[in-house]
Amino acid sequence: MMGHTANQDQLFYAFNLEEHIPSDHLLRGINQFLDLSTLREHLAPFYSHTGRPSIDPELMIRMLVIGYCFGIRSERRLCEEVHLNLAYRWFCRLGLEDKIPNHSTFSKNRHGRFRESEAFRHVFEVVLGRCMTEGLVRGEGFAVDASVIKADANRANVTTPEDPKDWPGGDKPSRAVREYLAALEDTNPVSSDTVPIANPRTVSLSDPQARYTAAPGGPAFFAYSTNYLIDLEAGIIVDVEATQAHRTLEVEATKAMVQRVQDRFGIKPSRLVGDTAYGTAPMLDWMVNDKGIAPHVRVWDRTQRKDETLSSSEFLWNETANEYRCPEGKPLKSNWRRFKNPRDHVTQADTIVYRASSLDCSNCSRKLECCPNTPHRKIARSIYEGARDVARQIAQTDEFKQSSKQRKKVEMLFAHLKRILKLDRLRLRGLAGARDEFILAATAQNLRRMAKWLPLATGMQAAIAR
């Protein structure tokens, strides 16, 4: 006989939420390594001592961690998922009858006290400290890279010098526009080589701090860059920074991240691994002479000629005499005569130009393969050439080859960020919003790595078994 389930309401239920969470659920591992005991103390100065009690900030952080760990990009949907999912309720320490915060609460706290107090940075550093305690951070070698993330901006809603438009909202522009206007000078910084970054010609009216950029062969779009500094031992993210999508800003962010890790955790790597974008002369000088870090980076070098004439690498440098010697043994000097007032001969490009004698070049049998279009040969030598030479020497070693393979760990993290965590497009606007999203995403990646790499505590395993 076919059975039939009768709908009968029970007066009492015996329900243990802990028993319904699988022992191998990702959130069990994350819960073991997420310690928010210091969050209230960190946020205390930003809450009023009077008035109605607010929603528990730890609950909101735990909900955000769920959202970034499982790629739930919408805050409205996140609240729905936590309401329905037993594992999410358990992780957030909510009972079956506890109410879920309204999705608008996240926006108020994100743009308010969480941002003012750098609460997300605090949580990230607490998680990083736990990674160090668990032995996942060695500190011997770091790798750095940047990835472009699309901004929440329509590329058709723009203003240009040819077609200027007013900011939307009139006297009450959006938060992203207000932040842009308040920090207009900060969005056009000066790099270490004193060359200012040009103002973009195309500016988004909805998110003016986003940079208009394009990948090779693809359409242009507005974007920000997330910069990762990782430890090469287990691929743990030791720092993260948001910048506009511009190479110079990405390189400068590296300096800030390395210094911040040293100041807050007392860790300075012996080597730094990066691609050619980080091989500029000022950057190499900073690594070698300022920080004492071995640059496992290929030199950004444009001295190689494409017209089959002699390149500068075929000229012998003499440090003592402060001159080059051409393949025929003739000197190239920066100063062929004495000046009453000594000059350093440094150009605006931070180079010193060394010139051969016109007489030597005109009588040389190899002039056509050296300087066929000029009366004499000249070489522009960077004032940071010593650091560039150090990088060139390291690039010839087996250690450099190993570092090049390890650098792929950063690229894997970016792939995980976009494909698994679904952070291929930002939801928050402005540089501050991008920074919040990138820090939370990096926190989630570190938590996921600990949860998957490290076993559950013995006491927790026993409790689950019971």
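Modeller: Two strands are said to pair if DSSP finds at least two bridges between them. Helices (H or I, at least four residues) and strands (E, at least two) are themselves DSSP runs, numbered from the N terminus. The model is predicted: local features need pLDDT of at least 70, and side-chain atom pairs count only at pLDDT 80 or more, whereas totals for chains, interfaces and linings use all residues. Residues are numbered from 1 along each chain as its sequence is written, and side-chain values use heavy atoms, with hydrogens and water left out.

Biologist: Which turn residue has a positive phi in the hairpin of β5 and β6?

Modeller: As a general idea, strands of a sheet pair through backbone hydrogen bonds, either parallel or antiparallel. Here, β5 and β6 (residues 236-244) are antiparallel and share 8 bridges. Asp231 faces Ile236 in β6. There are 4 residues between the two strands of this hairpin, and Gly235 in the turn has a positive phi of about 75°.

Biologist: How many residues lie between β4 and β5 in their hairpin?

Modeller: The hairpin of β4 and β5 has 5 residues between its strands, and Gly217 in the turn has a positive phi of about 80°. β4 (residues 211-214) is joined to β5 by 4 bridges in the antiparallel sense, and Ala214 is opposite Ala220 in β5. β5 also pairs with β1 (residues 141-150), again antiparallel, through 9 bridges; there, Ala143 stands opposite Ile230 in β5.

Biologist: Why is β5 described as largely enclosed by the rest of the structure?

Modeller: Buried means under 20% relative accessible area, exposed means over 50%, and partly exposed lies in between (1.4 Å probe, protein chains only). In β5 (residues 220-231), 11 of the 12 residues are buried, so the strand is largely enclosed by the rest of the structure.

Biologist: What is the strand order in the open sheet of 5 strands?

Modeller: The order is β9-β10-β11-β12-β13, with antiparallel pairing. β9 (316-318) and β13 (378-382) are the edge strands, each pairing on one side only. Neighbouring strands of this sheet are turned by 30° against each other on average, direction ignored; axes are lines fitted to C-alpha atoms, for helices over the stretch in contact, and angles run from 0 to 180 degrees between N-to-C directions. At one end of that order, β9 is joined to β10 (residues 323-325) by 3 antiparallel bridges, with Asn318 partnered by Glu323 in β10.

Biologist: Where is Asn16 found?

Modeller: Asn16 belongs to the segment before α1 (26-33). Its relative accessibility is 36%, so Asn16 counts as partly exposed. Asn16 and Gly95 are separated by 79 residues in sequence and by 9.6 Å in space, C-alpha to C-alpha.
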